[in-house]
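User: I would like to learn how to read a model like this one. Could you take me through it feature by feature?

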Amino acid sequence: MWLAVFVLLEGLLVFCCGALGDRHLNRNVRRSGLLAGTMGLTAENARDLPLPWIHPTAVALATAGFCAFGMRFVWTGLRQGRDPGLDPAKAAEDYLAGRANLSRFDRAGDVGALDASVDKLRSAVRSSRGERARTEYAANLVMALRGRYERLRDADDLDEAVTTGREVAGSASARAPRRGVLLSQTSCALRLRHDHFGDAADLAEALAVSREAVAAARHSEDRVSCLGELSAVLRSRFERERRADDLDEAIETLELAVRTTRSRDRPFVRVVHLTTLCRLLVERYGRSGRWADLDRALTVGRQAAQRMPPEYRLYDTCLNNLALALRVRYEHTPDAAELDEAVALAREAAKNAPADDPARAGHQLNLALALHSRHRADGRAEGARAADLKDAVPPARSAATSPVADVPARVAAGVVWGDIAATAGEYAEAVTALEGVIELLPRLAARELHRPDQEHRLGQGAGIAANAAACALAAGQPEKAVALLEQGRGVLLGRVLDDRADLTALRHHHPSLADQFTKLRDTRDTLDGVPAPESPLGTEPVEPDGPDGPDDLDGPDDLDDSDGPNAAIHPNHSDHPDSESHPEPEGEGEVSGIPEGRSAGALAPVSRQVLERENGRKARRALASQWDALLADIRSRPGFEGFARGPDVAALRATAADGPIVFLNVSPYRSDAIVLEADGVRTVPLPGVTLDAVDEQVRTTVDAVRPEHLLDPAAQARFAGVLAWLWDAVAAPVAEALDLRPPPPGADPARVWWVPTGPLTLLPVHSAGRHGSKGGAVGGGGKGGAVPANLLDRAVSSYVPTVRTLRAARARQPERSVPRPLVVALRDTPGAAPLNGAPAEADAVRAAFPRARVLSDGEADARHVLAELSRRSWAHFACHAVTEPDAPSRGRLLLHDHERRSFSVADISRLRLRNAELAYLSSCSTARPGHRLYDEAIHLASSFQLAGFRQVIATLWLLDDHVGAEFATQVYEQLAAAPQGAGRAVDGAAAVHRATLTARERYPNFPALWAGHIHVGP
């Protein structure tokens, strides 16, 4: 009987070795099986068997196996004739070797094994074109590349992972094995690229791909890992867009993954899902305050820490996330024991992480925050509290200065480092910390990103420059405060000014470098204008899709990991673990641990738009590297050390020769007016200005300038209170320090340039005051008796985004000819309400300047406007404007063809107009910055300055159509009455000032009608 079984098994062995093919089977093992089975059958051929059918059956099985082997051999040979690189047997061997190395890295963190794994898996994918197993090979390669990126931070690995996933998934059959895993892994690579570099299109594609991965794996074991990745992408989108439903779906998806695993025969849950769920629940608790979320977070966090073996490389991540949950719990229900445990866990996680592991920075940041929390804890001895504060500085410093951590993590750590140092009264160290963050802002908003993505990333650094300046003032360094405000604000404005640096001297001394500079600049401008999400003139914007989340491939035992969560805290100090994905250990019958990723819809086949986007990204990255190298070369030449850099403090002081420049700095630490004058810098404390107080005034202002409240006496009375607060808290101390008083009869008022920061940019500082029924309520004013308690009667005000922009505007020569304004007046705009005052504004400009060229209604399209702008030095726009608070570069003027062609902030900023002097934007909110981007000053007014206009007249809020026309008439009457002459600069500030005084006299009880017009420039 046993002999019969032996014979059947030998026949079955030959059949399996011949018929199973090359997938996961070493060629030597397969050949050995064929040989052993054949020899066994031959040896037993002469023996009598108890049942006569056994031997023929075994021979039939062996013959079928040999036939299958032969047919495959012939078929493979024919395919290799067409594709010499094809070698299924080698691919299978390389795959097995690559997976073994990947498992070694997963368990021990051996980077050498990871390198070997990438090489082997890359070879497996290359050698398996057309094979069904190729999707599984590619999934592991994408996972390995993504894991190596996470460990070594080489962006080329991430790009290769995305490209490989797209290519293989796009060409694979919908029934290819492990296709869901490949999609999920590709999604993970896209998500990571978004998280670390900021491209919204990557996040959109990741979400689409991850959802398809879940659908593709609906009936397979891979569904759990695909759900994990979908959860991670949803969390990334939550981090970007702050929509609560994304966080809820991320948690529900991960809970489903946990339930699905538990419902199977295997009695384990993937540990990575537990620790990630811990982090997500803490996040939701911070938003909703649901105590059940925090309790559940602690439960699953402890389970993860207990189930993860200490020698496994993700053990530190589990400890870190549990410490995060304990720290957050302490902040709401003080329990010293839990806080002590949080500190101990965070310290162990930070200590155990390798020094060259990028994840270590997140662990160190969590430790710093835990120690800072314990410092603030009640009931501890003063010495212990001081020791905690002192001990919190080194890990925060180490995280912020880590050479291997990604830029967002370093920015978050630098902010925390600065806050801890300031809390300890170490303001010089706080300045060092925040200055380091400011130096990272250009890298945060990398040039390879589209403009909306750059803006979103800079929003993460909101308020950093103001905090740095406040710490510099506390450290007794007022000039340093000015330098930090200049460097940390208007980053994108400064980048454009760098690109337009004066090349005269460079061309004279180094003409080849000047030519390279011009060529690279023009090439990059072309690239910036072509792709999307923001389109150039004449093209339509392409909107990016939405994103998705992380997961893993393999599911061996309890050690599943696709999304190893680090606790990287955002600049607002909220508990916010960073999303990191890690390869998971290989498991039986599963692909080695990699987060899954990609969607067939987005990948099959790879669309032309996706290819163009990818090629554009690579081209912009390459150009950015060339640009940096060129600037370094230029600055290495004698005399060009400051080429395309912001001016130093001495040059900034020289800019104040025509009048003081006043920074209004508001921060949690202190608020001051920093007065820049030709002979130095001085500080005027503003104790009544706090962020809460400013926010309250902004809310009142926003309500008062609503269309329905512009003529509401009660709302306008409340807004008058805002102007009074601005006088008492902001303008009066500055006026006293500068001795600003009404001018004597016949004399010109003093000039002041304002540089407000943060939410103060939304308030009309120039109109601050207690305005009476006749516009001149009297109040105490200092020397010489009673003077008007308002700024309008004491000085002519202008605004500038940064001193550097003012310096650049002054460097341009004023218009020397008689003005010939361009007037763009649209009474009727497709898709918008009529502007009945637009024709009156056109008539007012033409009455003052008869040589004006008027484009109205259908003639006022982008083509005609652009053609006339290049020939005119003045421009007046009486049309609708649209603001985009979350993407301010998409704010736009509505020309007649606005539904087909964009005339946006980004479009206008790209123009280079020679001899442009004055732009009057008689539209709504043309000087209003975007949300979280107050200090970037990205709006229509600044875009016209970048286009070349030295001066811009703009508005802070909505205009009343009738009053807007009256105001414009007053401005142009003032401009026409001003002395005209060759080389004489137009005094737009004085014209706006006088028009404001006139409007105040006319509408004394409705300040929102006249307080919102501003002048920007010299």
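Predicted model: local features only at pLDDT ≥ 70, side-chain atom pairs only at ≥ 80, totals over all residues.

User: What share of the residues is buried?

Analyst: Buried residues are those under 20% relative accessible area. Here they make up 59% of the 1018 residues. The chain exposes about 38000 Å², and 53% of that comes from carbon and sulfur atoms.

User: What do the contacts say about separation in sequence?

Analyst: Take contacts between residues at least 6 apart in sequence. Of these, 75% join residues at least 24 apart.

User: Which residues of helix 14 and helix 15 make the contact?

Analyst: From helix 14, they include Leu319, Leu322, Ala323, Leu326 and Arg327. From helix 15, they include Leu339, Ala342, Leu345, Ala346 and Glu348.

User: How does the pair of helix 36 and helix 37 read?

Analyst: The axes of helix 36 (residues 961-977) and helix 37 (residues 988-1002) come within 8 Å, crossing at roughly 135°. Helix 36 and helix 37 are therefore oblique to each other. Their crossing is right-handed. Among the residues that meet are Phe967, Val971 and Leu975 in helix 36 and Ala991, Ala995 and Ala999 in helix 37. The contact residues comprise seven nonpolar, five polar and three charged.

User: What is the phi of aspartate 739, and where is the residue placed?

Analyst: Aspartate 739 has a positive phi of about 55°, although it is not a glycine. It sits in the loop between helix 30 (713-738) and strand 4 (750-756). Its relative accessibility is 39%, so aspartate 739 counts as partly exposed.

User: And serine 925: buried or exposed?

Analyst: Serine 925 counts as buried, because its relative accessibility is 11%. Its phi is also positive, near 55°. The loop that holds serine 925 runs between strand 13 (918-921) and helix 35 (940-947).

User: Last, single residues. Which helix holds valine 271, and what is its relative accessibility?

Analyst: Valine 271 is in helix 12 (residues 271-288). At 0% relative accessibility, valine 271 is buried. Valine 271 and alanine 304 are 33 residues apart along the chain, yet their C-alpha atoms are separated by 5.2 Å.

User: What does valine 491 touch?

Analyst: Leaving out residues up to four places away in sequence, valine 491 touches Leu441, Pro442, Leu458 and Glu936. Valine 491 lies in helix 23 (residues 491-499). It counts as buried, at 9% relative accessibility. Its C-alpha atom is 9.5 Å from that of alanine 937, which is 446 residues away along the chain.

Conventions:
Residues numbered from 1 in each chain as written. Heavy atoms only, no water. Buried < 20%, exposed > 50% of the residue type's maximum accessible area, 1.4 Å probe, protein only. Contact = heavy atoms within 4.5 Å. Areas by Shrake-Rupley, 256 points an atom, 1.4 Å probe, with all protein chains shown as cover. Helix = DSSP H or I, 4+ residues; strand = E, 2+ residues; numbered from the N terminus. Axes fitted to C-alpha atoms, helices over the stretch in contact; angles between N-to-C directions. Parallel < 35°, antiparallel > 145°, perpendicular 65-115°, else oblique. Left-handed = near helix turned anticlockwise from the far one by under 90°. Nonpolar A, V, L, I, M, F, W, Y, C, P; charged D, E, K, R; others polar.
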